[in-house]
Structures are given as structure tokens and as C-alpha cells.
Amino acid sequence: MATLSIQNVAKNYGEIKALANVSIDVADGEVLVLVGPSGCGKSTLLRMIAGLEELTGGQMVLGGRDVSYVDPKDRDVAMVFQNYALYPHMTVFQNMAFGLEQRRLAKDVIKAKVMDAARILDLTHLVDRKPGALSGGQRQRVAMGRAIVRNPAIYLMDEPLSNLDAKLRVQMRAELKLLREKLGVTTVYVTHDQVEAMTLGDRVAVLAPYSDKIGSNLQQVDTPHKLYEEPRNIFVAGFIGSPAMNFFKAQIARKGNGLIATIEGTDIAFNLTEAAHPHLSALAGYAGKSVVMGIRPEFFDAPSGAPGRHPVDLDILVSEIVGPDAFLHFDLPTPTVKAEFSRSNDSDEAGLNGARFSARIATEKLTGEAGMISLEVNVAKLHFFDETSTLRIAT
Amino acid sequence: MIGQNTATRKITLYALLALVMLFFIGPIIWFILLSIRPPSTAFTMPPVLNFTPDLGAFTRTMVDPGDNSGQAVNSLIVAISAVLLNLPFSVPAAYALSRFKFRRKKFLMLWYLSLLMAPPVAFLIPYFILMTNVGLSGTYLSMVLVMQTLTIPFSIWLMKSFIDEVPREIEEAARIDGASGWTIMFRVVLPLVMPGLIVTSMFAFVFAWNNAAFPLVLSSQRTATLPIGTLSYFTNTGVTWGNIAAAAVVAMLPPMIIFLVFDRFVVRGLTFGAVKG
């Protein structure tokens with residue numbers, strides 16, 4: 001058990017900046033999830049914590065000790081690899097015992113520890129098998145076991161569930177959550193799956209490929225709830241949430257005591273009042289200018305007439321019914337907001353039939369699958385971002 | 001009609017295969033027959049097949065008066081030593097070439113290969129002079145050393161391809177588990193490339209066993225290997241084909257046995273299960 005402090009860490013490959021100015025503090029017993037699209041440096045950062053990649057700059061402090069240039073074997077970390085990286089010529093028992101043998105523990109102590117871990121992970125009946133004779137889920141558990149027996153200062157997990165099929169992944173995700181409650185060891189967990197990030201992380205760090213504009217890969221570190229409710233910038237807003245947030249160019253104008261935000265090129269306009277947006281003053285500064293407005297697909301709904309809802313009639317191009325939810329895809333004659341992010345790992349980025357926007361409503365409330373459909377928007381859940389800095393404007 | 005057509009094609013195919021097989025195996029069978037047939041029928045055409053087998057050539061070459069059995073022992077000494085000297089050099093080199101990034105790596109790999117491209121005969125005289133100057137001419141060591149110039153480059157290439165297939169993550173997992181470089185090498189990497197070690201040793205052994213050029217100039221009467229013994233039956237006074245055949249058949253045995261026993265290692269597959277299969 002230990003704290004981890006990542007201080008201004010940087011990694012260059014020749015001229016290319018893979019990571020720069022990343023600073024995160026992980027509390028004792030906390031699970032920090034690193035999430036981001038391919039090439040954002042999340043795996044590199046994890047490997048730097050493990051000591052498998054050298055730091056180009058900054059410091060790595062583990063349990064109060066500067067381990068920036070310490071060999072992996074002397075860092076007291078345990079890692080679960082994406083492809084498990086089990087020793088194929090050793091049995092499950094030997095796989096788990098290997099790390100303890102390196103630490104020259106007594107044979108009976110090793111045996112007790114390994115069998116203990118095997119019991120926790122339900123591997124007792126498999127200890128004499130070799131990895132080749134195990135299923136994907138079992139191999140994954142052995143990889144976990146190899147980390148658990150060591151009782152390290154910190155667990156490092158590199159997309160440990162990504163090689164499992166969908167059903168097993170959900171099951172292992174739940175098991176991981178239980179396991180971490182049982183063990184309570186500081187953990188850094190890398191994933192590109194935001195559902196994993198949101199469910200497993202005490203806090204989530206969103207990383208993006210390095211750009212000189214922001215000067216760091218780190219976009220935001222926060223609780224999953226805060227990331228969703230108050231994304232710091234357009235990147236985080238677009239990355240967290242599925243389907244992704246819709247972004248529109250909107251004109252801000254004063255109207256009475258409040259403001260009005262009109263989606264450019266359309267007559268869709270939302271009245272913003274102090275009641276729904278207590279911090280409207282910041283946005284008031286943008287009156288007469290345009291901003292980026294974000295609406296999450298789930299804050300569209302079938303018309304209810306409830307207060308704070310704004311009716312919109314949308315020409316739905318195509319809809320997808322996914323069990324209880326329906327995704328309605330539509331387009332508006334409005335300029336595209338240049339998105340400086342990619343969600344290459346998500347399939348729902350590209351629009352269907354040229355639709356750039358989507359709404360998500362309960363299937364049972366669906367009145368039709370295409371054509372003009374009346375919906376409403378929860379105005380209190382609108383997000384606003386500065387066009388140039390991409391930063392969130394608090395409302 | 002269609003059935004007949006495929007039948008004809010099948011027969012043609014098998015006939016072709018038989019021809020190709022005869023081309024490869026024919027000489028071996030012919031040589032084995034040559035070693036046990038009476039000398040008078042050695043070159044008759046068509047070959048006489050109804051002769052009384054005679055193992056006399058084997059006793060003449062191996063036991064009395066021939067000294068081929070002693071030469072077979074020499075061959076064994078040279079070949080086994082060649083293997084033992086080969087691995088400690090080629091395995092670390094292959095590991096380094098597989099794992100580390102360094103300048104001129106490609107060049108180095110090709111340079112190794114260039115040693116295999118030149119005909120070994122070209123080096124015979126320089127090696128002979130070299131070995132004579134350092135006083136090693138005629139010793140087992142001289143032959144073993146010179147053979148390394150060909151077996152090590154080949155072994156490095158072969159071993160590199162095996163080590164390339166061991167996922168790096170396995171070594172990284174071992175590093176994090178606290179293993180030292182040596183432990184990783186001996187307890188993780190080498191067990192995983194065991195088929196490669198066996199195949200490499202096999203090729204090194206067979207190469208050293210069969211090589212006639214280097215022993216021809218480097219061996220002495222006492223250290224002559226079996227191929228030299230076989231060649232010695234080509235004399236000024238005549239060629240004793242039965243003896244040559246008998247010695248050659250004996251020389252063929254070890255490589256054949258080795259390939260039969262270790263055949264399955266040529267097909268690799270031990271790393272399966274390390275990563276998602």
C-alpha cells in the first residue's frame with residue numbers, strides 16, 4: 001500500500017513528444033483509471049510507473065520514495081498485462097510463485113501465499129495446469145493472481161479485460177471491483193473503454209495525444225461523476241459519454257434577465273435562465289459571440305412538457321434500437337464544430353447516413369423510426385465551451 | 001467422365017511424386033545396396049538386385065583392417081564440441097539482435113550471412129596457415145574453431161527467429177516479478193526457445209559431422225574424421241566402392257537418427273498459451 005505521485009513526467013521518442021507535463025497524485029488505496037484514445041500515452045505512462053520505460057523528465061514518487069530511475073524489480077510494483085504475459089512453460093502455481101521465489105521466500109510461505117491467492121480467484125483446481133490449457137478468463141485470473149501474491153505497493157493494469165469477450169468482460173469487471181474492495185491496494189488501471197473507466201475508477205484521468213496548445217497530455221483528473229457533469233474541455237466532453245456529446249456552434253444573445261443560445265443556421269434557440277444555470281454570468285460575457293454548445297444524446301427526451309424542457313422537432317434520418325434505448329440520428333444545417341479529438345476506439349463516431357448528431361431516448365417512448373419527430377431538450381444539461389480555448393464555460 | 005478425369009490426374013500426380021522421390025532417395029538406396037553387394041555387380045546396368053548380401057565391407061572398413069570406427073569417434077568429438085561451443089556464443093548474440101536496438105544492426109546481420117555466402121574452400125588455405133602458426137594444426141580444437149565460423153552465423157539467424165517469437169511482455173513480467181537478467185535468460189527465455197536450441201544444435205551437429213573440407217586440411221592421421229576416412233578409399237591404385245559405400249552409410253546414420261528423434265521440435269509451438277491464443 002502506498003501513494004503514487006507523478007510529477008511533471010515527460011517522455012520523448014527522439015523528436016516526438018509522447019508525454020509532457022503530466023502530474024497526477026494517487027492516494028493510498030485509490031484506483032486511478034487512465035483513459036484516452038489510441039496514442040494518448042496512457043500505456044506509456046503506466047509502463048513508466050512500472051519502470052519499463054525511462055523518464056525523459058519529471059519524477060515518479062512511489063510510497064514517498066523517488067523511484068524515477070529505479071529498476072522495475074526494486075519498485076515493488078505488480079503489473080497485469082493486456083495479453084497476460086504468463087510464463088507458458090510453467091504451471092499456474094509456478095506462474096504465481098515465480099515473483100515470490102525471486103524474493104527468496106521460504107517454500108512453505110510461497111505455497112501458502114499462492115494457494116491463498118488461488119482461493120480468492122477460484123483457481124485452486126487449476127494450479128497444476130499450464131496456461132495453454134486455460135480459457136481466456138482463467139488466464140486473466142492467473143495474471144491477476146501473479147500480481148496479488150506479491151502484495152505490492154501498487155497494482156498496474158494495462159487493459160486487462162480487453163482480450164475477453166463481451167460477456168466475460170462484464171463479469172470480470174464486476175469481479176475486479178469486488179477484488180479491489182477486498183484488497184484495497186493502490187491501483188493504476190489503463191483502458192480505452194469508458195464504461196470500465198467510469199465503473200472501476202475512484203478517479204479517472206483523461207489523456208489526449210500531446211498538443212502544444214494545451215501543453216500536456218492530461219485533460220482532466222476527476223471522479224467519474226464530475227467528468228461526466230463538468231467536463232473541463234471539449235475533448236473530455238466528447239470522450240466521456242456514449243454515444244458522444246453533440247457539439248453545435250451557437251450564438252449567445254441577451255434576452256431579458258437571461259440569455260438565449262441559438263444553434264447557428266437553425267431557428268432552434270434555448271432560453272437560459274438563472275434558475276437552471278446559476279452561474280450564467282460567465283456565459284453572459286459571450287453575448288454577441290459564438291460558443292460551442294454541447295448536448296448529450298441522453299438529454300433529449302420524448303415530449304413531456306415538464307418545466308425546463310425545450311421542444312425541438314427533428315428530422316430523424318435513421319434510428320437504432322438497442323434494447324431499452326433507441327439512438328436517433330439526425331442532422332441540422334449548421335456548421336460542423338471542428339473536433340480536435342478522435343474516438344478511434346468507438347464505432348459510434350461516424351454518422352449514419354451523414355447524420356452528425358444523435359439523441360438517445362427510451363425505446364418505449366419512440367413514436368416513429370424516421371421522419372419528423374418531436375422531442376425535447378433538458379436545458380439545464382446544456383454545456384458551453386469557449387471556441388478557441390475549448391475550455392468549459394461554467395453555467 | 002469427370003470421375004475418370006480426376007483418376008487420371010491422380011495417377012499422373014502420384015507418378016510425378018514417385019519420380020521426385022526416387023530422385024532424392026534413389027542415390028541413398030543405391031549407396032546402401034552398394035555397400036552390401038559383391039564388387040563385381042557394383043556398376044552393372046540395369047542394377048542386379050538378386051545378389052547375396054555381404055556385410056564384409058563394413059567389417060573391412062570399421063574393424064579390420066580399416067580404422068573408420070576410430071574416425072567415427074573423432075567425428076563425434078568434433079561435432080559434439082562444435083555444438084557445445086556454438087550455443088554459448090550464438091544464443092546471447094541472437095538475443096541481443098532480437099531485443100536490443102543498436103546502430104548497424106541490419107549491417108551486422110548481413111555481415112554474418114556473408115560468411116555463409118562465400119565458398120568455405122576459399123578460406124581453407126588461410127585457416128590452415130593460421131592454425132599452423134598458432135600450433136593447433138592437426139588438433140580437434142582447430143577443426144571445432146574453424147567450423148564455428150560457419151555454424152555460429154547460421155545459428156544466430158536461426159535462434160534470432162525463435163527469440164523474436166517470445167513476447168517481450170513475458171520478459172517484462174519477469175522483470176517486474178523481480179528476476180535478474182540471468183534469471184530471465186535461464187528460467188524464462190531459454191525454456192521457451194528450447195525447440196530452437198534443439199533445432200540449432202541439430203544443424204550445427206550435422207554440419208560439423210558432414211563437413212569434409214575443413215578436416216581435410218586441418219586434421220592429422222590421428223584426428224581424421226569419418227568423411228576423410230571415406231575419401232581415403234579413392235587411391236592411386238583404385239577405388240574400392242564397397243568400402244566407400246559402407247563408410248558413407250555409417251556416416252549417414254547419426255544425422256538420420258537425430259532428425260528422426262527430434263523431428264517434432266522442428267515444428268515449434270511451445271510458446272502457445274503465453275499470450276491470448
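# Close-up views of a predicted two-chain model

**View 1. The contact between chain B and chain A.** In this predicted model, 21 residues of chain B meet 24 residues of chain A. On the side of chain B that touches chain A, two elements supply two or more residues, namely α7 (168-176) and α8 (181-192) of chain B. The largest share of that side, six residues, belongs to α7(B). Sorted by class, the side of chain B that touches chain A holds twelve nonpolar, four polar and five charged residues.

**View 2. The helix pair α2(A) and α3(A).** Helix α2 (residues 92-102) of chain A and helix α3 (residues 107-120) of chain A have axes that come within 10 Å and cross at roughly 130°. The two helices, α2(A) and α3(A), are therefore oblique to each other. The crossing of α2(A) past α3(A) is right-handed. From α2(A), the contact draws on A:F93, A:M96, A:A97, A:L100 and A:E101, and from α3(A) on A:I110, A:K113, A:V114 and A:A117. Seven nonpolar and two charged residues make up this contact of α2(A) with α3(A), with no polar residues.

**View 3. The sheet β13-β12-β11-β14-β20 of chain A.** This open sheet of chain A has five strands in the order β13-β12-β11-β14-β20, with antiparallel pairing. At its edges stand β13 (269-272) and β20 (383-385) of chain A; each has a single partner strand, so one side of each is left without a neighbour in the sheet. Neighbouring strands of this sheet are turned against each other by 35° on average, direction ignored.

**View 4. The strand pair β11(A) and β14(A).** Strand β11 (residues 246-255) of chain A pairs with strand β14 (residues 290-295) of chain A over six bridges, in the antiparallel sense. A:A250 has A:V291 as its bridge partner in β14(A).

**View 5. The domains of chain B.** Chain B is assigned domain 1 (2-54) and domain 2 (66-234 + 243-266). The centres of domain 1 and domain 2 of chain B, taken over C-alpha atoms, are separated by 34 Å. Four residues from domain 1 of chain B and four residues from domain 2 of chain B form the contact. The side of domain 1 of chain B that touches domain 2 of chain B comprises three nonpolar residues and one polar residue, with no charged residues.

**View 6. The domains of chain A.** The domain assignment of chain A places residues 4-239 in domain 1 and residues 246-385 in domain 2. Between the centres of domain 1 and domain 2 of chain A, taken over C-alpha atoms, lie 37 Å.

Definitions and conventions. Residues are numbered from 1 along each chain as its sequence is written. Chains are lettered from A and ligands numbered from 1 in the order in which they are written. This is a predicted model: local features need pLDDT of at least 70, side-chain atom pairs count only at pLDDT 80 or more; totals for chains, interfaces and linings use all residues. Two residues are in contact if their C-beta atoms, placed from the backbone, lie within 7 Å. Helices (H or I, at least four residues) and strands (E, at least two) are DSSP runs, numbered from the N terminus. Ala, Val, Leu, Ile, Met, Phe, Trp, Tyr, Cys and Pro count as nonpolar, Asp, Glu, Lys and Arg as charged, and the others, Gly among them, as polar. Axes are lines fitted to C-alpha atoms, for helices over the stretch in contact, and angles run from 0 to 180 degrees between N-to-C directions. Angles under 35 degrees count as roughly parallel, over 145 as roughly antiparallel, 65 to 115 as roughly perpendicular and the rest as oblique. A crossing is left-handed if the near helix is turned anticlockwise from the far one by less than a right angle, and right-handed if clockwise. Domain bounds come from an automatic or database domain assignment. Two strands pair if DSSP finds at least two bridges between them.
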